[in-house]
Amino acid sequence: MVRLAHPVPAVEEVALDEAAGRVLAVDVAADRDSPALDRSARDGYAVRATDVPGELAVIGEVRAGERFPGTVGPGQAVEIMTGAPVPAGADAVVMVEDTDPGDGRVRIHRGVQPGQAMNRRGSEAGAGEIVLRAGTRIGYAGIAALAAFGHSRVAIYRRPTVAIVATGDEIVEVEEPPAEHQIRNSNAHSLAAQVTRAGGAPVILPLARDTVEHTRQMVSRGFASDLLLISGGVSAGKYDVVEAVLAGFGAEFYFDRVLIQPGQPLVFGRASGKFFFGLPGNPSATMVTFEIFARAALELIGGQAETELAMPWARLTREFRHRPGLTRFLPALLSSDSAEVTPVEWHGSGDIPALARANAFLVADPARDVYAAGEWIRVMLQ
Ligand code: AMP
Ligand code: MG
């Protein structure tokens with residue numbers, strides 16, 4: 001749906017060292033062959049492959065950053081260092097471990113294929129070849145490619161702004177002292193952290209009271225952003241007014257329920273030309289539904305060609321049971337090498353201390369209820 005809407009974000013330019021984590025706005029091509037000439041991949045001797053095995057006359061040396069002025073003729077070799085240009089006439093490099101050097105000569109024990117231990121000009125990329133596509137989120141290897149091909153400034157997409165409206169008469173802002181029956185607004189802030197991590201710029205709006213009028217005001221302000229996230233108020237209760245408010249803006253609704261837990265009531269749609277999500281208010285439900293649904297939309301709105309959601313497999317350290325029927329996301333601790341996962345004891349989807357002790361969610365299959373210790377299970381990183 002979001003892809004079909006073809007959002008094209010505005011483009012801005014930043015210095016190379018500010019581009020990591022941002023989304024590239026243009027295709028980047030190699031500005032010259034890579035490597036720009038035949039280059040040695042080893043310390044050793046540049047030779048003519050037809051001359052070895054055998055004993056060759058060493059006619060000179062070439063280091064990285066130099067060019068050998070002569071040509072390697074029959075029966076000749078040039079001592080060469082890793083990264084140095086392979087001299088004219090030579091078509092292979094023999095690594096020093098396979099040689100017996102001595103007094104202006106070198107004995108080479110083994111035959112070699114042409115091209116051995118060298119990187120041919122243009123073998124990595126030809127001049128003009130695309131090395132990074134628009135829509136790629138730039139990682140450190142992408143930074144290396146941008147640097148290698150001369151981009152000290154980089155065209156990237158502007159971060160999409162994401163309005164966050166938390167609803168609920170029982171909710172107070174973090175700075176306010178809560179009465180016993182009140183809860184601090186954690187969702188707006190956990191969502192802001194998730195938005196930032198997904199490449200968006202969060203805009204936290206004031207809490208919306210559970211009235212149509214006040215929620216309408218905040219939602220209306222939220223439509224000024226590129227994406228609107230609302231927390232709470234999407235269940236079937238008497239004071240869950242979010243869907244009615246959105247309908248009042250002429251919203252198209254694409255779905256209002258998903259088969260996961262936590263997170264069943266989840267509203268996704270579009271109004272005033274902007275996509276919105278009505279996320280359930282229980283903290284773990286807000287977190288999980290953002291990761292599974294809203295994050296992908298945000299990444300696409302931010303110009304990413306592909307969305308990211310890693311769900312690797314890990315082995316359970318102990319038996320684990322859940323109620324089948326829905327895909328369930330339960331807090332868990334993934335070992336530092338991501339190989340093993342342990343369920344974290346918790347007391348339901350509002351248990352923020354358990355979520356904070358965890359660093360991942362177990363993703364439990366709706367079709368099974370028991371996993372034995374040592375079995376593989378999917379995990380979603382926190
Ligand atoms: P709701 O989806 O509005 O029915 O909210 C469900 C429950 O989630 C509420 O009873 C609160 O306990 C909790 N909750 C809702 N909004 C927030 C919020 N902004 N921060 C923390 N917890 C919340
Ligand atoms: Mg509520």
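I started with a strand pair: S4 (residues 44–47) and S6 (residues 76–80) run antiparallel to each other over 3 bridges. Strands here are DSSP runs of E, at least two residues, and helices are runs of H or I, at least four residues, numbered from the N terminus; two strands pair if DSSP finds at least two bridges between them. Tyr45 has Glu79 in S6 as its bridge partner.

Notes on the source: this is a predicted model, where local features need pLDDT of at least 70, side-chain atom pairs count only at pLDDT 80 or more, and totals for chains, interfaces and linings use all residues. Residues are numbered from 1 along each chain as its sequence is written, chains are lettered from A and ligands numbered from 1 in the order in which they are written, and side-chain values use heavy atoms, with hydrogens and water left out.

Next I looked up the sheet around that pair. It is open, with 6 strands in the order S7-S4-S6-S5-S9-S8 and mixed pairing. S7 (92–95) and S8 (99–102) are at the edges with a single partner strand each, so one side of each has no neighbour in the sheet.

Then the cores. Which residues touch the most other members of the largest nonpolar core? They are Leu227, Leu229, Phe277, Phe290, Phe329 and Met380, out of 35 residues. (Such a core is a set of buried Ala, Val, Leu, Ile, Met, Phe, Trp, Tyr and Cys residues joined through side-chain atoms within 4.5 Å; buried means under 20% relative accessible area, exposed over 50%, partly exposed in between, with a 1.4 Å probe and protein chains only.) Helix H5 gives the largest share, 9 residues. Another core of 18 residues lies apart from it, and Val165 and Phe276 are among them.

On to ligand 1. I found 17 residues around it, the closest being Asn185, Ser186, Asn187, Gly233 and Gly281 (near means a heavy atom within 4 Å). A polar side-chain atom of Asn185 is 2.9 Å from a nitrogen atom of ligand 1, and a backbone N or O atom of Asn187 is 3.2 Å from a nitrogen atom of the ligand.

Most residues other than glycine have a negative phi, and most peptide bonds are trans. Ser34 and Pro35 are joined by a cis peptide bond, omega about -5°. Val52 and Pro53 are also joined by a cis bond, with omega about 0°. Asp103 has a positive phi near 50°, sits in the loop between S8 and strand S9 (105–108), and counts as exposed at 81% relative accessibility.

Technical notes. Polar contact = N/O pair within 3.5 Å; in protein donor to acceptor, adjacent residues only side chain to side chain.
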